[in-house]
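Dear colleague,

I am handing over the structure below, and after it you will find what I found on going through it. Please read it with the model open beside you.

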Amino acid sequence: MPEALESALAEVRALLLAPGLTRAVAAGRRRGQRPSVVRAELRPVALKSGPRLQIATSDGSRPHTRNVAPGAEADAAVDELLAEPFGNWHVETADATIQLRVTKSGEAQVHRAAASRTAGEPERHDRAKEWLLDPGDPLFKEIGGSAAKRRQVDAFLRALAATLPDDLTGALRVVDLGCGNAYLTFAAYRYLLRRGLDVTLVGVDVREDQRRRNTELAERLGWADRVSFVAGTIAEAPVEPAPDLVLALHACDTATDEALARAVRWDARWVLAAPCCHHDLAAQLRARPAPGPYELLTRQGILRERFADVLTDALRAGLLRLHGYRAEVVEFVDSQHTPRNLLIRARRTAGAPTDGQRAEYRELVGQWGVTPRLETLLAERA
């Protein structure tokens, strides 16, 4: 291991085990190597039994969380993670942020930043983080957007960064379905361009006035030859050639299903969709009694609505799995910024589903007597 990388990992280790840690994420992989997990997140937690270091890992299909005690147990767990060939480490503490990236040649690129907060403002964990696109970036002077919207876009970009392989090169075709004012569209293009990718991006929105506005913005930014917009529905708007990456941020209700269905029909390599409202299955649940012994789950309106949210996204992930994708549902931004903070993240594997996976899905929809919109859309184009 190069001396500079070894030194950088030692610095990361010290921060991970220090009292001031707020959050750390390891993701990506080094060239020619593959970690045993695709992502690891560490944060301090306070339990009845005392302070613990919480370590959440994912193998791409199932998350695993454990809480380790300070001292020898935490030391061993951190050393085990640092031995994995992750390509990126992002560590936030109360005082500083460090970002370690391992280059293709195995060298360490380290960026350090001091945490800062406005005088009199309560200290918050998210103040220490390093933005993928700084809120002061000149891009935002052109595209606008509230502070809350910028936080959502930055969180979405972090999920995107954790999804795409670190060694990805060459051309990348992207579509943003239901792009609206195109905050995510332009921010994603800026971020992917900085990664050295040959990006072309198409934004789709049903409103013609949005298409004109966004096209004018692309021209002012000098990106009109690489970022374009079309007016049309998510299901039918012309997008050629088929994209590698499909984005959909807060497409309402079954519009998310239309985005996922199109991604599957395109055989998109990666899909990131943050659902918005979930009315379709909620209406189906209201129309019939719940199967026993689950009546208490749907008797109260607020509980029925929340259960419908969970059921909808669980079935979406299950359907993606049946169509050759490895899918997971994760929280991509804190709920204080938006209650619609779940993200469906999928990667095409082209693997055939097992009989057990088919049976698991059929049993769930059969028990609740529901027909997800995504199932209908995929069946129509099968």
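Two strands are taken to pair if DSSP finds at least two bridges between them. The model is a predicted one, and in it seven strands form an open sheet with mixed pairing, in the order S10-S9-S8-S11-S12-S14-S13. The edge strands, each pairing on one side only, are S10 (227-231) and S13 (325-331), and neighbouring strands of the sheet are turned against each other by 15 degrees on average, with direction ignored.

Within this sheet, strand S8 (residues 171-177) runs parallel to strand S11 (residues 245-249), the two being paired over three bridges; Asp 176 has Leu 247 of S11 as its bridge partner.

Two helices are to be mentioned with the sheet. Helix H6 (residues 208-221) packs on it, touching strand S9 (198-205) and S10, and the direction of H6 makes about 170 degrees with that of S10. Helix H10 (residues 301-322) lies across S13 and strand S14 (342-348), and runs at about 155 degrees to S13.

The second largest pocket may interest you as well, with its volume of about 640 Å³. Its lining comprises 24 residues, and those nearest the centre are Arg 34, Val 38, Ala 162, Thr 163 and Arg 347. Helix H4 (147-163), S13 and S14 are the elements that give two or more residues to this lining, and S14 gives the most, with four residues. By residue class, the lining divides into eleven charged, nine nonpolar and four polar residues.

With best regards

Methods
Residues are numbered from 1 along each chain as its sequence is written. This is a predicted model: local features need pLDDT of at least 70, side-chain atom pairs count only at pLDDT 80 or more; totals for chains, interfaces and linings use all residues. Side-chain values use heavy atoms; hydrogens and water are left out. Axes are lines fitted to C-alpha atoms, for helices over the stretch in contact, and angles run from 0 to 180 degrees between N-to-C directions. Contact means heavy atoms within 4.5 Å. On a 1 Å grid over the protein atoms alone, a cavity is a set of points where a 1.4 Å probe fits but cannot get out, and a pocket is an open set with protein on both sides within 12 Å along at least five of seven lines; lining residues have an atom within 4 Å of a point. Grid points are joined across faces, edges and corners, and a volume is the space filled by probe spheres set on the points. Ala, Val, Leu, Ile, Met, Phe, Trp, Tyr, Cys and Pro count as nonpolar, Asp, Glu, Lys and Arg as charged, and the others, Gly among them, as polar.
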